[in-house]
Amino acid sequence: MPDLTAAPSVLFVCVHNAGRSQMAAAFLTHLAGDRVEVRSAGSAPADTVNPAVVAAMAEAGIDISTEVPKVLTVEAVQASDVVITMGCGDTCPVFPGKRYLDWRLSDPAGQGVDAVRPIRDEIEKRVRGLIEEIAPEKQP
């Protein structure tokens, strides 16, 4: 029987875990706090987070400069209630009972901060919608 008191868990996955999934995880952590358990990973992680992504997030008041791309594991998928893919194609493992969403977003790889800003803003909008759906603030 699932633990209904536990916070919902979300895993964001993209290929390099250096841009889109890092931004989404940072926004979800920043906006939902401890109401949601957040993970991010990549099917072929990069060595570092994209510097333009770090700069764009800093403009939004969120510091991801110490984040490190992580490899996607079966355990991370199994431990998550919602798996949101962002262009990882068929490399994401699929398990029954999980909710999968595919967010089609431009890839910020190789882009400057001017190109990253609209991607960042779209991710923030989608994360805010996700929070309303899975972990709305309790009204007094």
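How many bridges join β1 to strand β3 (residues 82–85)? The two strands run parallel and are joined by 4 bridges. The model is a predicted one, in which local features need pLDDT of at least 70, side-chain atom pairs count only at pLDDT 80 or more, and totals for chains, interfaces and linings use all residues. Residues are numbered from 1 along each chain as its sequence is written, and side-chain values use heavy atoms, with hydrogens and water left out. Helices (H or I, at least four residues) and strands (E, at least two) are DSSP runs numbered from the N terminus.

**The sheet**

- Four strands form an open sheet in the order β2-β1-β3-β4, with parallel pairing; two strands count as paired if DSSP finds at least two bridges between them.
- The edge strands are β2 and β4 (99–102), each of which pairs on one side only.
- Neighbouring strands of this sheet are turned by 20° against each other on average, direction ignored; axes are lines fitted to C-alpha atoms, for helices over the stretch in contact, and angles run from 0 to 180 degrees between N-to-C directions.
- β3 is joined to β4 by 4 bridges in the parallel sense, and valine 82 has arginine 99 of β4 as its bridge partner.
- Helix α4 (residues 113–134) packs on the sheet and touches β1, β3 and β4, its direction making about 150° with that of β1; contact means heavy atoms within 4.5 Å.

**Strand β1**

- All 6 of the 6 residues of β1 (residues 9–14) are buried, so this strand is largely enclosed by the rest of the structure; buried means under 20% relative accessible area, exposed over 50%, and partly exposed in between (1.4 Å probe, protein chains only).
- Ser9, Leu11 and Val13 point one way from β1, while Val10, Phe12 and Cys14 point the other way.
- In a regular strand the side chains alternate between the two faces of the sheet.
- Leucine 11 has valine 83 as its bridge partner in β3 and stands opposite arginine 39 in β2.
- β1 pairs with β2 (residues 37–42) over 6 bridges in the parallel sense.
- From β1 the chain passes through helix α1 (residues 20–32) to β2 in a right-handed β-α-β crossover; right-handed means that, with the strands pointing away from the viewer, the path from the first strand over the helix to the second runs clockwise.

**Helix α1**

- Of the 13 residues of α1, 10 are buried, so the helix is largely enclosed by the rest of the structure.
- The buried residues include Met23, Phe27 and Leu28, and their cover includes β1, β2, α2 and α4.
- Glycine 33, with a positive phi near 60°, follows α1.

**Nonpolar cores**

- The largest nonpolar core has 31 residues, of which Val10, Phe12, Leu28 and Val127 touch the most other members; such a core is a set of buried Ala, Val, Leu, Ile, Met, Phe, Trp, Tyr and Cys residues joined through side-chain atoms within 4.5 Å.
- Two or more residues of this core come from each of β1, α1, α2 (51–59), β3 and α4.
- Another core, of 7 residues, lies apart from it and has Ala41, Leu72, Val77 and Val83 among its members.
- Not counting residues up to four places away in sequence, the contacts of valine 10 include Leu28, Val82, Ile84 and Leu130.

**Aspartate 81**

- Aspartate 81 lies in the loop between α3 (74–78) and β3, and counts as partly exposed because its relative accessibility is 40%.
- Aspartate 81 touches Ala7, Pro8, Ser9, Lys98 and Arg99, not counting residues up to four places away in sequence.
- Its C-alpha atom is separated by 16 Å from that of serine 21, 60 residues apart along the chain.
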